[in-house]
Amino acid sequence: MTIPTETRAPSGALTLESRAGDGPLAAAREQLAGAAAFLGLDDGLHTMLAYPRRELTVSIPLRRDDGSTACYIGHRVQHNLSRGPGKGGVRFSPAVDLDEVRALAMWMTWKCALVDLPYGGAKGGVTIDPRQHSPMEMERVTRRYTSELADFIGPERDIPAPDIGTNEQTMAWMMDTVSVGRGYTVPGAVTGKPLLIGGSLGRSDATSLGVAQVAIAALTTLGRDGLAASAAIQGYGKVGRGAARFLRDAGVRVIAVSDQYAGVFDETGLDLDALDEHVTRTGTVVGFGGAGAIDNADLLTLDVDLLLPCAVESVITHDNAHLVQARAVVEGANGPTTPVADKILAERGILVVPDILANAGGVIVSYFEWVQANQAYWWTESDVHARLRERMTIAWDLVNDEASRTTRTLRDAATTLAVRRVAEAHRVRGLYP
Ligand SMILES: NC(=O)C1=CN([C@@H]2O[C@H](COP(=O)(O)OP(=O)(O)OC[C@H]3O[C@@H](n4cnc5c(N)ncnc54)[C@H](OP(=O)(O)O)[C@@H]3O)[C@@H](O)[C@H]2O)C=CC1
Ligand SMILES: O=C(O)CCC(=O)C(=O)O
């Protein structure tokens, strides 16, 4: 069932009353409302920011390998374009729905503004389980989805990147499809591409590196030394797996990790090299002989210094926030903590490093990739890493200063800083460009 997510005044104008339920879109709108109230935004601008600028829903017919035909639904939402072209990942997952994509697109707007990238916010998704399809079928789905978006995306319009269920190969197919349509190679059309066709050194582990950097900074805030600290990580994909390695290399004991099926646990610290061999062989962390078993719910309540949700939205909720024992929650995922849970964690003195700050490393290096691709001039990995570290440090300091100055949480501070930048862009361009 689709829950209506827009409400209208008798005149037909959109209003701020939200009927989006308690999912990610309601959470994103609640965070926006907090920032709008703090900044004293007028209702017109606030309403505009609560709704996407543009969205496109497409159907994707697929000729399956066995000759039968199936049909899937895909979306691309451009939440805001006031600071530049749309930017944001593409998710392939059976859980994708339009409201989720709208929320993720709004978070991209704030993330890009917070780290001062010349982008708006966008996100895309196809409701499909890639595990149920051959690589040839996924290539056909990706190409058809991209063809349907052809007039909507491109280096000056909206630049996709990987997210859950997509990867470098997906981006290569997307870039190729855009390029075939235009009649020439367009390397700036997507980021997160393979190096061979204009990807950037350092993009594949950029999100994880940024997550690890702010996790270590959070430990410092708490007066903890990385060498004595422990961490639990939900989601062992592109973000979680890399974050585990960077934290391990910084001396943190990574005692639990999980994927969509369940997790593994070792109080003395997981042997990540052996675990990765197991994952490569079996496709899951489950059954790793070098550790005990733990389920996803119990992982979230382990007594650790750092809890890193690096999977999906709304995993720390009203039901379990009072059970979280971590000293800090560092949001590798987008939207893992609901607004009610956020309040509970704040009341309990648990530091939450919000998604739009914690996982911004990915889009920062996507920006570097787009700049390099547009100029056809390639940077070294150490250049990329140094510039990533510098931007993450600037954002960390900015958010922490704002939070201390206004005695608010890091999320409230980060959202306010970002919304202010977007609102200012609208004002200076003439309010509603
Ligand atoms: N990739 C990027 O650059 C960025 C990603 N993000 C965010 O990080 C998060 C993870 O993305 P990414 O690592 O790219 O995605 P991946 O698809 O690479 O990995 C996702 C991981 O989460 C696991 N997972 C999926 N559903 C659940 C669930 N219900 N409970 C527990 N674990 C689950 C998956 O398990 P399994 O392996 O079994 O499928 C997998 O281990 C998302 O929220 C994404 O939006 C944010 C910024 C940038
Ligand atoms: O790299 C990008 O462009 C966007 C990554 C993304 O989707 C995100 O930060 O959530």
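Predicted model: local features only at pLDDT ≥ 70, side-chain atom pairs only at ≥ 80, totals over all residues.
Q: Which domains does the chain have?
A: The assignment gives domain 1 (1-51), domain 2 (52-185) and domain 3 (206-358), with bounds that come from an automatic or database domain assignment.

Q: How many residues do domains 1 and 2 bring to their contact?
A: Nine residues of domain 1 are in contact with eight of domain 2, where contact means that the C-beta atoms of two residues, placed from the backbone, lie within 7 Å. On the domain 1 side, the largest share is the four residues from helix H1 (residues 24-39); helices here are DSSP runs of H or I with at least four residues, strands are E runs of at least two, and both are numbered from the N terminus. That side of domain 1 divides into seven nonpolar, two polar and no charged residues, counting Ala, Val, Leu, Ile, Met, Phe, Trp, Tyr, Cys and Pro as nonpolar, Asp, Glu, Lys and Arg as charged, and the others, Gly among them, as polar.

Q: Switching to annotations, what does UniProt say about Lys-123?
A: An unreviewed UniProt entry has the annotation "active site" at Lys-123; such positions are given in the numbering used here, feature names are shortened, and annotations may be inferred rather than shown by experiment.

Q: And is Lys-123 buried or exposed?
A: Lys-123, found in strand S4 (residues 121-127), is buried, with 33 other C-beta atoms within 10 Å. A residue is called buried if 20 or more other C-beta atoms lie within 10 Å of its own, exposed if 12 or fewer, and partly exposed in between, with C-beta atoms placed from the backbone. Leaving out residues up to four places away in sequence, Lys-123 touches several residues, among them Gly-88, Gly-89 and Met-108.

Q: Where does Thr-207 sit, and what does it touch?
A: Thr-207, listed by UniProt under "binding site" in an unreviewed entry, is in helix H6. Apart from neighbours within four places in sequence, Thr-207 is in contact with Val-239, Asn-359, Gly-361 and Gly-362.

Q: Why call H6 largely enclosed?
A: Of the 16 residues of H6, 13 are buried, so the helix is largely enclosed by the rest of the structure. Just after H6, Gly-223 takes a positive phi of about 75°.

Q: On to the ligands: which residues come nearest to ligand 1?
A: Among the 26 residues around ligand 1, the nearest are Gly-235, Gly-237, Asp-259, Ala-333 and Gly-362, a residue being near a molecule or strand if its C-beta atom, placed from the backbone, lies within 6 Å of it. Domain 2 and domain 3 both give residues to this shell, so ligand 1 lies between them.

Q: And ligand 2?
A: Ligand 2 has 13 residues around it, of which Gly-89, Ala-161, Gly-362, Val-363 and Ser-366 come nearest. Strand S3 (86-93) and helix H12 (361-375) are the elements that give two or more residues to the shell around ligand 2.

Notes: Residues numbered from 1 in each chain as written. Chains lettered and ligands numbered in written order.
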